[in-house]
Amino acid sequence: MGRMTIRLLVVDDDPLVRAGLSLMLGGADDLLIVGEAADGSEVPTLVERLAPDVVLMDIRMPDVDGLRATEELRRRPGAPEVVVLTTFHADEQVLRALRAGAAGFVLKDTPPAEIVEAVRRVAGGEPVLSPAVTRRLIDHVAAQAPGPGGDPRRDAALAGIALLAGREREVAVGIGRGRSNAEIARTLYMSVPTVKTHVSRILAKLGFNNRVQIALLAHDAGLLDGDGPGPAT
């Protein structure tokens with residue numbers, strides 16, 4: 001059975017980059033480039049008209065940048081997944097996009113086959129950030145974070161953590177530490193399918209759409225440094 005066709009919208013202010021991406025991605029038999037945009041201001045109308053499954057979104061654009069466009073897009077019911085296209089590995093702008101609900105990011109110098117695979121994974125509901133990259137991003141957040149009591153996100157994060165059951169909270173901590181499902185399963189003495197079930201419940205309870213948001217929540221709540229609340233009993 002052939003793969004289902006993935007509808008893709010490419011957003012970048014550089015016409016040469018757009019042309020290169022369209023040529024590269026259009027060569028995959030299961031990807032269909034349904035449209036291109038030069039600025040984030042064009043995204044809402046194109047998404048409404050073209051119904052893409054995935055938006056490949058540049059960050060730096062002159063009018064409405066990819067961060068604002070992602071934040072506005074992910075607030076829409078039934079929004080497509082967003083993959084951020086960037087030149088940065090661990091940058092505040094990337095983190096803001098991930099907090100807004102982007103499913104991950106790819107670097108502009110990523111080999112074409114890897115970008116194609118990233119789009120496929122995101123369309124299938126999988127993140128495009130490995131546990132190692134998640135850990136690196138959390139380390140970046142920790143290095144930039146203010147001291148206890150100085151982070152306006154902390155209260156909101158604690159409120160989110162309070163919605164989770166004890167084992168869900170432990171799984172969230174594992175995700176925040178950059179562990180894979182298999183590593184979390186070994187640590188918590190549960191099966192991988194059980195870990196996956198907990199992850200799905202966490203996403204549903206918190207209204208998140210990827211593991212990075214869970215990891216950032218665990219960090220913001222202080223669960224990764226030993227000074228936050230322990231697992232619920």
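Here are legends for several close-up views of this predicted model.

**View 1. The whole chain, before we zoom in.** The protein chain holds 11 helices and 5 strands. Of its 233 residues, 47% count as buried. The chain exposes about 11,100 Å², and carbon and sulfur atoms supply 53% of that area. Take the contacts between residues at least 6 apart in sequence: 67% of them join residues at least 24 apart. As for confidence, the pLDDT averages 84 over the chain, and 87% of the residues score at least 70. One stretch to treat with care is residues 227-233, where the pLDDT is below 50. Beyond near neighbours in sequence, that stretch has 16 contacts in the model.

View 2. In what order do the strands of the open sheet line up? They run 2-1-3-4-5, and the pairing is parallel. Strand 2 (31-37) and strand 5 (104-107) stand at the edges. Each of these two has a single partner strand, so one side of each is left without a neighbour in the sheet. Neighbouring strands are turned by 25° against each other on average, if you ignore direction. As background, strands of a sheet pair through backbone hydrogen bonds, either parallel or antiparallel.

View 3. Start with strand 1 (residues 6-11), which is joined to strand 2 by 6 bridges and runs parallel to it.

**View 4. Strand 3, covered on both faces.** How many residues of strand 3 are buried? The count is 5 of the 5, so strand 3 is largely enclosed by the rest of the structure. In a regular strand the side chains alternate between the two faces of the sheet. In strand 3, V54, L56 and D58 are on one side, with V55 and M57 on the other, and all are buried.

**View 5. Helix 2 lying on the sheet.** Helix 2 (residues 43-50) packs on the sheet and touches strand 1, strand 2 and strand 3 (54-58). Its direction makes about 165° with that of strand 1. The buried residues of helix 2 are V43, L46, V47 and L50. They cover an arc of only 100° around the axis, which puts them on the same side of helix 2. What do these buried residues pack against? Their partners are strand 1, strand 2, strand 3 and helix 3. Look at the face of helix 2 turned away from its buried side and you'll find the exposed residues T45, E48 and R49. Just after helix 2 comes A51, which takes a positive phi of about 50°.

**View 6. Helix 4 and the glycine behind it.** In helix 4 (residues 92-100), the buried residues are V94, L95, A97 and L98. These residues cover an arc of only 160° around the axis, which puts them on the same side of helix 4. Helix 4 is followed by G101, and the phi of G101 is positive, near 115°.

**View 7. G78, out in a loop.** G78 sits in the loop between helix 3 (66-74) and strand 4 (81-86). Is G78 buried or exposed? With a relative accessible area of 80%, G78 is exposed.

**View 8. H198 and its contacts.** H198 lies in helix 10 (residues 192-206). Its relative accessibility is 12%, and therefore H198 counts as buried. Which residues does H198 touch, not counting residues up to four places away in sequence? The contacts of H198 are R167, E168, V171 and M190.

Technical notes. Residues numbered from 1 in each chain as written. Heavy atoms only, no water. Helix = DSSP H or I, 4+ residues; strand = E, 2+ residues; numbered from the N terminus. Buried < 20%, exposed > 50% of the residue type's maximum accessible area, 1.4 Å probe, protein only. Contact = heavy atoms within 4.5 Å. Arc of directions from axis to C-beta. Pairing = 2+ DSSP bridges. Axes fitted to C-alpha atoms, helices over the stretch in contact; angles between N-to-C directions. pLDDT = per-residue confidence, 0-100. Areas by Shrake-Rupley, 256 points an atom, 1.4 Å probe, with all protein chains shown as cover.
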